[in-house]
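Student: Hi! Could we go through this structure together?
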Amino acid sequence: MMTPRERILAVYNGQKPDRVPYMLDLSHYYLHKFQLPWELGSGYPKADTGLMDFNRKMGAAFYCPQQAHFWNVEYANDVKSSSATRVVNGVPEIYWRFDTPIGSIERIRVWEPSSYSWAIKKWGITNEKDLEVLTYAMASRRYTPIPQNYEEWANYIGEDGLVYMNTAYSAIGYLMNYWMGVENTIYASYDFEDELQECVTQINNNILEMVEMMASEFSAPVIIMGDNFSSDVQSPSFFDCWSKDYYKKAYDIIHSHGKKVAVHVDGKLKGAIKMMKDIGVDCIDAVTPGSVGGCTPAEARAEAGNDLILSGGIPNELWYDYSPMSSFENAVKEWLALKDISPALIAAAGDQVPIGALEERILRMGELVEEYGYY
Amino acid sequence: MDMKEIALEVINGKTKIVKALVQQALDEGIPAKTILEEGLLAGMAVVGEKFKNNEVFVPEVLISARAMTMGAAMLKEKLNESGETAKGKACIGTVQGDLHDIGKNLVKMMLESKGIEVIDLGTDVSPETFVQTAKEQNCQIICCSALLTTTMTVMGDVVKAAEAAGIRDSVKIMVGGAPVTEAFCKQIGADAYTSDAASAADLAVTFCQ
Ligand code: B12
C-alpha cells in the first residue's frame with residue numbers, strides 16, 4: 001500500500017497510484033473550530049503541528065502550510081514596510097504600510113467574526129501616484145530563504161502529506177486582492193496603462209526572484225502559484241495582456257529545477273484550465289465544480305485533457321447540513337469517477353474546507369475515497 | 001448625430017469619447033431620453049448579451065458600464081427636467097458578514113442599464129436594512145448578493161424579514177452570487193435567482209412591469 005505522500009508524488013510524476021490521493025486544506029476550518037487567532041499580518045514562526053495533527057485525525061493528507069514563514073523579507077533603507085494588528089472601536093484590524101521618499105500607502109483589513117476572516121476595509125492604492133509608491137517599494141524587496149523552517153513542516157508530516165510551497169500573488173493578483181481591488185485594477189489598465197505596466201513588471205520580476213529562490217533553495221517538490229485565479233475576472237484577453245508572460249516564466253523556472261507546479265484556480269474554470277495548460281502548468285488546484293467553478297467535473301477534465309492534474313472536487317456548500325448528505329456523497333463519487341479517464345487526479349475540497357463544515361462529512365469523504373478511489 | 005456612435009463607444013468602453021459624444025448630442029438638441037435609450041443603454045445591452053454568452057468577461061463589462069454611467073450622469077438634469085422617471089426601483093446589497101461586492105456592483109450597473117433606479121446599500125447589509133429601505137423607498141425589488149456559504153443563509157432571513165414587515169407581497173426578492181443556486185433560492189422562498197448580472201437585469205425589468 002502506498003503512503004499519502006507517495007500517492008501525491010506518483011500523480012505528479014505521471015504515474016498511477018494505488019488509489020486517488022486525498023488531501024484537504026483544513027486550515028481555516030481548524031482555526032475557527034478551535035477559535036485560534038489568525039495572524040494574517042505576521043505568519044507563524046514555527047511549524048503548525050496542531051494543524052498537521054488535525055489533518056491526521058481527519059484522515060486527509062496535509063499539503064497547505066498556511067501562514068508559514070519560509071523566508072525573511074527586506075527592503076532598501078529608504079523604504080519602510082510596517083504592519084501591525086490594532087483594535088479600533090473594539091474591532092481588530094491589520095494595516096500594511098509602505099513609507100518611501102516618493103510617498104506612503106496603507107491598506108487595512110478588518111476582522112469579520114461571522115466569516116472568521118479579514119475583510120478589506122481600505123484599499124491602499126487609488127491613483128497613479130500610489131501605484132508609483134508601490135512600484136518603488138517593490139523594486140528593492142529582497143528575500144532570504146529559511147529552508148530549515150520548510151524542513152520542520154515536512155519532517156513533522158512525514159509520509160502523511162506533502163508540503164507545497166506557496167508563491168506570493170502575481171502582480172495582477174496582488175493588486176486585485178490586496179492593494180487596489182478588482183474594479184480599480186481593471187480601470188487602471190485603461191486609465192493609466194503605462195504606470196500599471198511598470199508596476200506589474202516590477203512586482204512580477206520581484207516574485208520571479210522569489211520563485212527562483214523557492215525552486216533552488218528548498219526541497220519542496222511542488223510549488224503552488226497562490227493567485228485566486230478565476231477566468232471571469234482575469235478573462236482570456238486580460239490574462240494574455242497582463243499575466244501570461246509572468247506565469248510562463250514562473251513555470252519554466254520551476255521546471256528547470258526539476259520541480260512541479262500547481263496553480264490555484266478557485267473561481268470560474270472554463271477557459272482558465274486551458275490558459276494554464278497551454279503554458280505548461282502541471283496541476284490545477286482548488287477545482288470547484290458547480291456554480292462557483294461554472295462547470296461539471298467531466299467538463300473540467302475535457303478542457304484539461306488527460307495529462308493535466310485536477311485537484312479539488314467538492315464545492316463549499318456541500319459540507320453543510322442544508323445540502324443533503326446524498327448530494328455530498330454523489331459529488332465525491334462523481335469526482336472519483338474521473339479516475340477512469342485519467343490518473344491525473346487528486347480528491348480535495350474546492351478551495352478549503354469551509355468553517356463550520358460538518359465533521360462527519362470530512363470523515364465520510366475519507367471513507368468514500370477508500371471505497372471508490374482504488375485503481 | 002447617429003446614436004449608434006455612442007452605443008459603439010460604450011461597447012468599446014471609451015469613457016472620454018462617450019462623454020464627448022453625449023455632449024455633442026446634447027448640443028445638437030437631441031433629447032436626453034433618446035441619447036440615453038438609443039445610445040448608452042443600447043450599447044450596454046449589447047455588452048450584456050455578450051456577457052451572458054461568455055463572449056466578454058468582467059473586465060470588459062466593468063469598463064463599458066463605467067462609460068455608460070458617466071454618460072448617463074451628464075443627462076440626469078435634463079431627464080429630471082423633462083419629468084422622465086425610472087422604469088422601476090430596486091435596492092441592492094451584499095448580505096451581512098460578506099464583503100464581496102464585485103458581482104453586486106455588476107448587477108447594479110446592469111439594472112441601471114435597463115433604466116431601473118438602484119439604491120446601493122453596500123456590503124455587510126442586515127436583513128432589516130434591506131426591508132426597511134424597500135419599504136421606505138417603495139422598491140419593487142430587493143437584490144441580495146452573497147459569495148460565502150456562511151452568509152448565504154442571511155438571504156433566507158431577508159425573506160422572513162420582508163414577511164414580518166408585511167411587504168412580502170409587494171416586493172420581489174432576487175438572490176445571486178457564485179455559490180447560490182436555483183435550488184437554494186427555492187429553499188429559502190426567494191423569488192428569483194440568475195447566475196449572471198445581465199440575466200438578472202432582464203428579469204428585473206419583467207418584475208417592474
Ligand atoms: C475577489 C474575491 C475575494 C476578494 C473580494 C474583493 C471584493 N471587493 O469583492 C477578497 C480577497 C477580499 C476575498 C476575501 C474572502 N474570500 Co473570496 N473570493 C473572491 C473570488 C476570487 C472572486 C469573486 C468575484 O468577485 N467574482 C466576480 C464576480 C463578478 O462574480 P460573482 O460575485 O459571482 O457575481 C456574478 C454572479 O454570481 C451574479 N450575481 C452576483 N450577485 C448577485 C445578486 C443577484 C441578486 C443576482 C440575481 C445575481 C448576482 O452576477 C455577477 C456577474 O455576472 C471568489 C472566487 C470566485 N471566482 O467566485 C472567492 C470566494 C468567493 N471567496 C471565498 C472565501 C472563502 C473568502 C474568504 C473567507 C477567504 C478567507 N479565508 O479569508 C474572505 C472573506 C471576506 C469576507 N468577509 O467577505 C470563497 C467562498 C467559498 C464559499 N462558497 O463560501 C470563494 C468562492 C473562493 C473559493 N473557491 O473558496 N475574496
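Student: In chain A, what share of contacts between residues at least 6 apart in sequence join residues at least 24 apart?
Tutor: That share is 73%, with contact meaning heavy atoms within 4.5 Å. Keep in mind that this is a predicted model: local features need pLDDT of at least 70, side-chain atom pairs count only at pLDDT 80 or more, and totals for chains, interfaces and linings use all residues. Side-chain values use heavy atoms, without hydrogens and water.
Student: Okay, and how many helices and strands does chain A have?
Tutor: Chain A has 14 helices and 12 strands, taken as DSSP runs (H or I, at least four residues, for helices; E, at least two, for strands), numbered from the N terminus.
Student: Why is chain A called as compact as a globular protein of its length?
Tutor: Because its radius of gyration is 20 Å, close to the 21 Å that the globule rule gives for 375 residues. The radius is taken over C-alpha atoms, and the rule is 2.2 Å times the number of residues to the power 0.38.
Student: What does the C-alpha trace of chain A span along its principal axes?
Tutor: About 60 × 45 × 40 Å.
Student: How much of chain A is buried?
Tutor: Buried residues are 58% of the 375 in chain A, where buried means under 20% relative accessible area (1.4 Å probe, protein chains only).
Student: Switching to chain B, which domains is it divided into?
Tutor: Domain 1 covers 3-81 and domain 2 covers 88-207; the bounds come from an automatic or database domain assignment.
Student: How far apart are their C-alpha centres?
Tutor: In chain B, the centres of domain 1 and domain 2 lie 25 Å apart. Across the two, 12 residues of domain 1 are in contact with 13 residues of domain 2.

Methods:
Residues are numbered from 1 along each chain as its sequence is written. Chains are lettered from A and ligands numbered from 1 in the order in which they are written. Buried means under 20% relative accessible area, exposed over 50%, partly exposed in between (1.4 Å probe, protein chains only).
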